[in-house]
Amino acid sequence: MNDLLLITIVFLAVSFDFINGFHDSANAIATSVVTRALSMRNAVLLAATFNFIGAIAMTGVAKTVGDEIVNSAALKENGQYVVLAALVGAITWNIITWWKGLPSSSSHALIGALVGAAATAGGIAVLKLKGIGIVFLYLILSPIIGFVAGAAFMIIVMNIFAQHAPSKINKHFKNAQVVSAMSMAFAHGSNDAQKSMGIITMALIVAGYQQTFVVQDWVKIACALAMAFGSAAGGWKIIKTVGKKVMGWQPVHGFASETAASLVVLFSSIIHMPVSTTHVISSAIMGVGATKRLSAVRWGIVKQIVGAWLLTIPVSAVLGGLCFVLIKEILHR
């Protein structure tokens, strides 16, 4: 039974990365597609390639997710059930928000579901509250940082190129946007793919297949490939929400938002903090739009997006807890 559970967990974790890539493909390519810097086909291929490269480049975020949120040893025989429930709960929320076209956070969904499942299984005692506090604080702060970074980057660009004709600026930034899209895709892979790596490694530990938290090479490659294939599958509904419904875009705006967001996400990966790339890029877009004029941002859509953000952690925590109860009940019959 343990081996079958582990295989199921690995399959679902890889599926989560695929769905994450599919769900979050808009993060890297929405603005590039909307501004016509890249065709949909080329943008998707670029996102897939650089998501893969970013995913295999780092493992710090994986350790934070798999080792700094829940005390695996305290879960005892419930460990695999908790991991399985967290994945099922997070995937469920991802599918719901994708269907609605809302750019909610896969990171929030997974962490919320993991906390909910673990707390249901073993109470507050199995949670590493200090680690959870730091992670949640950074998840909250990162969109604010993204907004400020987007606004600041756009102001700098406007000041540097104030004397240049808009037509010439946009021509150059259309080419520069290819680079910024690569950077965003790499940053996305370096952070988001790590979460499933952390979950799989946690499952290997609670199943007794390894004693220390080390992400094995096959785990890196499996998660990176799943993220890349998911990105290649695309997510046009979310691309429309992020790119078209927030503000009217020119290549210079796309470059500024992508560059600012990628720097925030990459820095987060370097300091081992899981963040929501969806939140960061959406906030950077809002920051860039606010420098144009506050009315350039379509605040009704922003309100809808923020609503999904606020719901994600509590709803996914409840889903994680419910999934744990159902899974344990079914498997113990």
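**Entry 1: second largest pocket**

I looked up the volume of the second largest pocket and got about 230 Å³ of space. The model I am working from is predicted.

Next I listed the lining of this pocket, which has 15 residues. Met-154, Met-158, Ile-169, Val-252 and His-253 lie nearest the pocket centre. By class, I find nine nonpolar residues, five polar and one charged in the lining.

I then asked which elements give two or more residues to the lining. They are helix 7 (129-160), helix 8 (166-206), helix 11 and helix 12. Helix 8 provides the largest share, with four residues.

**Entry 2: helix 11 against helix 12**

Both helices had come up in the pocket lining, and I looked at how they pack. Helix 11 covers residues 251-270 and helix 12 covers residues 277-292. I noted that their axes come within 9 Å and cross at roughly 140°. The pair is therefore oblique, since an angle has to be over 145 degrees to count as roughly antiparallel. For the handedness, I recorded a right-handed crossing of helix 11 past helix 12.

**Entry 3: residues at the contact**

On the helix 11 side, I listed His-253, Ala-256, Ser-257, Glu-258, Ala-261, Val-264 and Val-265. They meet Thr-277, Val-280, Ile-281, Ala-284, Ile-285, Val-288 and Lys-292 of helix 12. Sorted by class, this contact holds nine nonpolar, three polar and two charged residues.

I also cross-checked His-253: this residue is among those nearest the centre of the second largest pocket, and it takes part in the contact with helix 12.

Key:
Residues are numbered from 1 along each chain as its sequence is written. This is a predicted model: local features need pLDDT of at least 70, side-chain atom pairs count only at pLDDT 80 or more; totals for chains, interfaces and linings use all residues. Side-chain values use heavy atoms; hydrogens and water are left out. Axes are lines fitted to C-alpha atoms, for helices over the stretch in contact, and angles run from 0 to 180 degrees between N-to-C directions. Angles under 35 degrees count as roughly parallel, over 145 as roughly antiparallel, 65 to 115 as roughly perpendicular and the rest as oblique. A crossing is left-handed if the near helix is turned anticlockwise from the far one by less than a right angle, and right-handed if clockwise. Contact means heavy atoms within 4.5 Å. Ala, Val, Leu, Ile, Met, Phe, Trp, Tyr, Cys and Pro count as nonpolar, Asp, Glu, Lys and Arg as charged, and the others, Gly among them, as polar. On a 1 Å grid over the protein atoms alone, a cavity is a set of points where a 1.4 Å probe fits but cannot get out, and a pocket is an open set with protein on both sides within 12 Å along at least five of seven lines; lining residues have an atom within 4 Å of a point. Grid points are joined across faces, edges and corners, and a volume is the space filled by probe spheres set on the points.
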